[in-house]
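Q: Please take a close look at one part of this structure. I am new to it and would like a plain account.

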Amino acid sequence: FFLASLKIDFFDIIKHIKKPIFIIYVLLIYLLLIPTLTYLLFHFINPELAIGMLLLTSMPPGASVPMLTNIFKGNTSLSMAITIVAYLISPFTILLLFFVLTQKVIALDLANLFQTLVFVNFLPLILAQTIRKTNKKLIEKTQQYYSIIGVFGICFVVFFSVSQQAKEILNTSFSTLLIDILWLYFIFIFLYFVGYFIAFWR
């Protein structure tokens, strides 16, 4: 998030937020429609995975999304605007989805969630924008390296996250692990197709 923030102007993010129709459209699909369809699909295909998939798909975009958008030459400021708004509203959409679809009320520490939001998103954004205003020459000299640094950073996060579950993975039978991985591939492919066809006017 920090590296991506170095390459964009904060006011570009504000411009996108001031014209919220597209952001609302994307987030309605991303935070409400996709989790609902995924839950209903798995409720009939594999009920044991339904709640897990609901939780997985109802999460907001990761903090790495703006960097990935930058790597693939997308609209980084729009990506960041969507990510920030999604983080702000996702605690409430998650509660709503679980209550409507599962009739369960889950306990979320909203204060802790918003504190995490500040540390993960807003502080890096503020720091990056401060550096942009005070040392543009440094950014011009180093921005060519941001993408490769971002790729290594994302890889590190993935490897670290997987390593924290090493014992559970090693204690799981190969067949169960393979089936779970195939289900994950299925849901990721499904999400890629949905994401592609969201922009139906192209």
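Which handedness does the crossing of helix 4 and helix 11 have?

A: The crossing of helix 4 and helix 11 is right-handed, in what is a predicted model. On the helix 4 side, the contact is made by Leu49, Met53, Leu56 and Thr57. Helix 11 contributes Asp180, Trp183, Leu184, Ile187 and Leu191. By type, the residues of this contact comprise 7 nonpolar, 1 polar and 1 charged.

Two packed helices are described by the angle between their axes and by the distance between those axes. Here helix 4 covers residues 47-58 and helix 11 covers residues 174-198. Their packing angle is about 45 degrees, and their axes lie 12 Å apart. Helix 4 and helix 11 are therefore oblique to each other.

As for the setting of this pair, the protein chain contains 11 helices and 0 strands. The C-alpha trace of the chain spans about 55 × 40 × 40 Å along its principal axes. Of the 202 residues in the chain, 30% are buried. Taking contacts between residues at least 6 apart in sequence, 76% join residues at least 24 apart.

Serine 77 lies in helix 6, which runs over residues 76-102. Serine 77 counts as buried because its relative accessibility is 10%, and the cut-off for buried is under 20%. The side chains of serine 77 and asparagine 75 are joined by a polar contact of 3.0 Å. Leaving aside residues up to four places away in sequence, serine 77 touches Ile8, Asp12, Ile13 and His16.

Note on methods:
Residues numbered from 1 in each chain as written. Predicted model: local features only at pLDDT ≥ 70, side-chain atom pairs only at ≥ 80, totals over all residues. Heavy atoms only, no water. Axes fitted to C-alpha atoms, helices over the stretch in contact; angles between N-to-C directions. Helix = DSSP H or I, 4+ residues; strand = E, 2+ residues; numbered from the N terminus. Parallel < 35°, antiparallel > 145°, perpendicular 65-115°, else oblique. Left-handed = near helix turned anticlockwise from the far one by under 90°. Contact = heavy atoms within 4.5 Å. Nonpolar A, V, L, I, M, F, W, Y, C, P; charged D, E, K, R; others polar. Buried < 20%, exposed > 50% of the residue type's maximum accessible area, 1.4 Å probe, protein only. Polar contact = N/O pair within 3.5 Å; in protein donor to acceptor, adjacent residues only side chain to side chain.
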